[in-house]
Amino acid sequence: MKKLLVAALLAAPAVALAQQPIKIGLVLSSSGQFADAAAQLDNGIKTYMKMHGDTVAGRKIELIRRDTGGVAPDVAKRLSQELVVRDNVDILAGYVLTPNAMAGGDVSAEAKKFMVVMNAATSVVITKSPYMIRTSVTLPQVMETFGTWAATKGKLKQSYTMVTDYGPGHDSENAFTSAFKAAGGSIAGSVRFPVANPDFSAFVQRAKDVAPESIFIFIPGGAQPAALGKAMAERGIDKKKTKVLGSGETTAEAALKSMGDNALDIITAWHYDYTSKNKLNVAFVKEFNAMHGRNPDFFSIGGYDGMHAIYETLKKTKGKTDSDALIAAAKGLKWESPRGPMMIDPETRDVVQNVYIRRVQKVNGELTNVVFDTIPMVKDPAGERRKQGQK
Amino acid sequence: MFSSAVGVLFDGFAYGMLLFLLSVGLSVTLGMMNFVNLAHCTFAAVGGYCTVSLVNRLDWPFLAALPAAFLAGAVLAVLLERMLFRRLYRASDLDQCLVTIGVAFMSIAAFAWFYSTEPQSARPPAYLIGSFELLGRSFGVYRVFLAAAGLLITGLLVYALERTRFGARVRAAVDNQRMARGLGIDVDRTFLFTFALGGGLAGLGGALAIEVIGLESTLPLSVVLVYVLIVVAVGGLGSIRGSFVAAIVLGITDTAGKYYFPWLGAFLIYLVMVALLMWRPLGLFGKR
């Protein structure tokens, strides 16, 4: 009897703890220009919770969503603060866009809140808070790898870069160019498109007139990749003579659909594609389609793996939400994701994952990004350089 | 050099025709009816989404979907005019702006709800895709089609307004509303038709723009609206000829700027706008 009482007493705090939900504040750009990115990321989160339940370590997960309405670091900062101070969230998460993630990082550092960046891909974001991890991708991770690959295994000597004129575009241009040159390639020219650009034909014509051996493209997802792809098709860029290289957004599902056969033979480097045939991904895509009536994209996988990292971290801390315990548990976390193996770097807290080199081909009549080379477990090269600098 | 100039002029012209279709309705409603409709691109988006639905879900041929896109834009214009906008003809510019921006926001949410925020596409038939070589330059087939369609519609529009009874009524109602009413012209109905025509043209423009600009739920308040407003301002309010010339000038400037001076980005178009408006503050063909 006595023993039972003691056990009950000991269990009491745990019960109280179990009744309290774990609150996660999601800061997303659910309206405005990046609404689709946020929607897909959120769909990834919803799918994960449907597949893995909404209870971790005996505690229920409660999501509180906030909308920044696009690129708005001031709004992101205010919303993050409100989530911490007023809603008492245990974890900050989401963050589609780099400026918003930077602002959220300040709040995370000051309030000592565990933060999971599920998309924003500029390398430096991760340095903003020692309590931050990232589950998406970094641009140098993919683009430097791609630059090196293009000049070595890709056997290309010359390239012409076309990127969107904003932070991630500049980062990609620099990353690709420096790696490509370091591996012996040369750059024939470069052009930057304005962020809001409805018509690409003139830019493409210019590239065509230079007649480079290859063209490298970075362009944010949305309606633009399709518009650019159509301009390339219309200008008649012959992919036998001019290889077209790009990031995964260039040949995302919607872009492929509107480009049609003109997309054939475009080579891209990316970390995720919904057509990947591994078992985890097949199950994920099936559930995702059942819930949302479309296919997941790289935003979705960032949200999905972000939730996975949160779940695994909470399992390790047994439901405790003390930030120091959470970040300690998250460092070095390894798991199999639908995208392949991945890890949170214990030193930089950044994502480590495979980079896949794909070519657009017809598979059963459908245009598909077919993986033909894999560079395993790539760390963020910019993060590695920062580490070198600190030593 | 010569061949690249020809290419740029042609591309710019075709792009200008697209801008013209998208903006002429706004120019008319703004100039003739003094109504500031910032939800104008909503009509374009409706036309675009209508085409997407018909082509992708009901397997209509692309060309057959174009008149439907015109109708969709026109019907929405009529509904909005009857239910909302006609009450605001005498309201201040600010009130009109606020209401129409609100409508644009609501339409964005509605498109996102029904079609998701995913970018949409509707592929034109194979014979409109690709390019052909002429004088050592490749020309996009779709752009030739765009230019031809734009010219045809401009011709019809000018004919309708200058040579038909309906056109005479519109011009009378705009020049002197009281006198027109006194002569027994139903000004209300004339305005409604004008509004419908403007909405329809934008709808058609939206459908034709899918292949060039793309289609997303945020179209009503995207950069397209900025370009449309520039065309209207530079052309002069209420002038069809003005919109036509302004659209072509801006289309060519934009394309030439991107081709010859890409480091200026799309900024050139704004410089040209500023220069033209300093030269003629009322726009190229503006009367008031």
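What we have is a predicted model, in which local features need pLDDT of at least 70 and side-chain atom pairs count only at pLDDT 80 or more, while totals for chains, interfaces and linings use all residues. Residues are numbered from 1 along each chain as its sequence is written, and chains are lettered from A and ligands numbered from 1 in the order in which they are written.

A word on terms before going on: helices (H or I, at least four residues) and strands (E, at least two) are DSSP runs numbered from the N terminus, and two strands pair if DSSP finds at least two bridges between them.

Let me stay with β1 and β4 of chain A, which pair in the parallel sense over four bridges. Another of the bridge partners across these strands is Ala93(A), which in β4(A) faces Leu26(A). For burial I use a count of other C-beta atoms, placed from the backbone, within 10 Å of the residue's own: 20 or more is buried, 12 or fewer is exposed, and anything in between is partly exposed. By that count six of the seven residues of β1(A) are buried, and the strand is mostly covered.

Moving on to β4(A), residues 91-94, we find four bridges joining this strand to β5(A), residues 114-117, with the two running parallel. Leu92(A) has Met115(A) as its bridge partner in β5(A), and Ala93(A) stands opposite Val116(A). Which way do the residues of β4(A) point? Ile91(A) and Ala93(A) point one way, Leu92(A) and Gly94(A) point the other way, and all are buried.

These strands belong to an open sheet of six in chain A, with mixed pairing and the order β2-β3-β1-β4-β5-β6. The edges are held by β2 (55-56) and β6 (132-134) of chain A, each with a single partner strand, so one side of each is left without a neighbour in the sheet.

Helix α3 (residues 73-85) of chain A lies across β1 (22-28), β3 (59-67) and β4, and runs at about 170° to β1(A). Helix α4 (residues 98-111) of chain A packs on the sheet as well, touching β1, β4, β5 and β6, and its direction makes about 165° with that of β5(A).

Stepping back to the whole of chain A, there are 13 helices and 15 strands. The radius of gyration, taken over C-alpha atoms, is 22 Å, close to the 21 Å that the globule rule (2.2 Å times the number of residues to the power 0.38) gives for 391 residues, so chain A is as compact as a globular protein of that length. Of those 391 residues, 55% count as buried.

Most residues other than glycine have a negative phi, yet phi of Lys318(A) is near 55°, and Met377(A) has a positive phi of about 40°. Lys318(A) is in the loop between α11 (298-316) and α12 (323-330) of chain A, whereas Met377(A) lies in strand β15, residues 366-378. Lys318(A), with 14 C-beta neighbours inside 10 Å, counts as partly exposed, and Met377(A), with 13, also counts as partly exposed.

Finally, the contact between the chains takes 35 residues from chain B and 34 residues from chain A. On the side of chain B that touches chain A, α1 (2-33), β2 (137-140), α9 (223-235) and α10 (240-260) each supply at least two residues, and α1(B) gives the most, with five.

Definitions and conventions
Contact = placed C-beta atoms within 7 Å. Axes fitted to C-alpha atoms, helices over the stretch in contact; angles between N-to-C directions.
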